[in-house]
Amino acid sequence: MDERTRLRLDVSYDGTDFSGWAAQPTRRTVAGVIVQTLDLVLGAGTAAGLTVAGRTDAGVHASGQVCHVDLPAAVWREHEGRLLRRLARLLPTDVRIRAMAEVPADFDARFSATFRRYEYRVTDAPWGAEPLRRRDTLAWSKALDLDALNAAAAGLVGEHDFAAYCRRKENATTLREVTRLDWRRDPDGILVATVQADAFCQAMVRSLVGAMLVAGDGRRPVDWPGSLLSRRERSSEVTVAPAHGLTLVAVGYPGDPAGYARRAELTRRLRVPVEG
């Protein structure tokens with residue numbers, strides 16, 4: 001068998017015109033576009049095993065997505081110095097591979113990850129979102145109180161069963177550890193939620209945001225989002241926030257490459273993460 005080289009790809013994309021990350025035969029997806037472009041440059045099937053850190057839903061963006069792919073070592077040696085620029089010329093403008101680097105064979109973009117960090121942008125300005133940011137900023141029709149948003153967020157931090165906030169998948173746990181959840185108001189008035197966890201189940205981030213927003217505008221008490229953690233099935237009271245306000249901004253990995261395999265083994269043992 002030919003020797004193979006594993007590459008880490010750092011990817012960003014505007015999710016507006018994609019039907020999510022995962023390849024689908026009849027839909028335009030981020031993975032589909034990347035594989036098609038790799039096939040065009042290297043030959044069909046030369047790049048194998050494209051694996052992503054977090055499978056974003058339709059309309060969700062990324063500035064810090066990570067994936068890995070395997071190439072025959074000889075192909076990598078041939079193309080190493082020019083592959084990134086060749087891909088840049090051929091990829092559509094709404095997806096970019098920003099970096100490409102050789103990594104150990106036991107690096108797994110999905111299972112070696114220690115955290116995923118998302119940001120959600122909301123404006124409560126009476127005129128709505130600025131035209132140049134309309135694709136990544138939700139316009140909220142009611143005034144939002146920053147203190148109330150952060151009070152609601154505080155009740156969701158920690159390790160909990162987030163069943164009330166997840167679309168349940170068969171044989172997948174909804175136990176997650178949220179290590180950071182807070183809101184800030186930037187100088188331009190935009191409210192930004194930062195949400196970080198070891199992993200997220202499908203629609204979890206947008207469900208959390210949807211619950212916090214109705215606490216932030218006063219329609220629910222600030223302890224209401226946290227109170228839902230006692231439930232063991234998805235809550236029909238939670239409205240999932242629209243996809244376009246959400247961006248995957250970072251994925252973390254062990255600082256020492258020797259930790260990649262250990263982290264992957266631990267993740268597989270604890271859960272099968274389903275991103276959304």
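**View 1. Helix 1 and its span in the predicted model.** Helix 1, residues 30-42, has 13 residues and reaches 18 Å from its first C-alpha to its last, close to the 18 Å expected at 1.5 Å a residue. The expected span is 1.5 Å times one less than the number of residues, and helices (H or I, at least four residues) and strands (E, at least two) are DSSP runs numbered from the N terminus. This is a predicted model, in which local features need pLDDT of at least 70 and side-chain atom pairs count only at pLDDT 80 or more, while totals for chains, interfaces and linings use all residues. Residues are numbered from 1 along each chain as its sequence is written, and side-chain values use heavy atoms, with hydrogens and water left out.

View 2. After helix 1 comes glycine 43, whose phi is positive, near 110 degrees.

**View 3. The buried residues of helix 1.** Among the residues of helix 1 that are buried are Val30, Val33, Ile34, Thr37, Leu38 and Val41; buried means under 20% relative accessible area, exposed over 50%, and partly exposed in between, with a 1.4 Å probe and protein chains only. An α-helix has 3.6 residues a turn, so residues three or four places apart point the same way. The buried residues of helix 1 pack against several elements, including strand 1 (4-13), strand 3 (61-72) and helix 3 (83-90), where contact means heavy atoms within 4.5 Å.

View 4. The side chains of aspartate 70 and arginine 6 meet in a salt bridge (2.8 Å, N to O), a term for a side-chain nitrogen of Lys or Arg within 4 Å of a carboxyl oxygen of Asp or Glu. Aspartate 70 lies in strand 3 and arginine 6 in strand 1, so this pair ties together parts that are 64 residues apart in sequence. Both aspartate 70 and arginine 6 are buried.

View 5. Aspartate 136 forms a salt bridge with arginine 121, and their closest N and O atoms are 3.7 Å apart. Because aspartate 136 lies in the loop between strand 5 (115-123) and strand 6 (138-139), and arginine 121 in strand 5, the pair ties together parts that are 15 residues apart in sequence. Aspartate 136 and arginine 121 are both buried.
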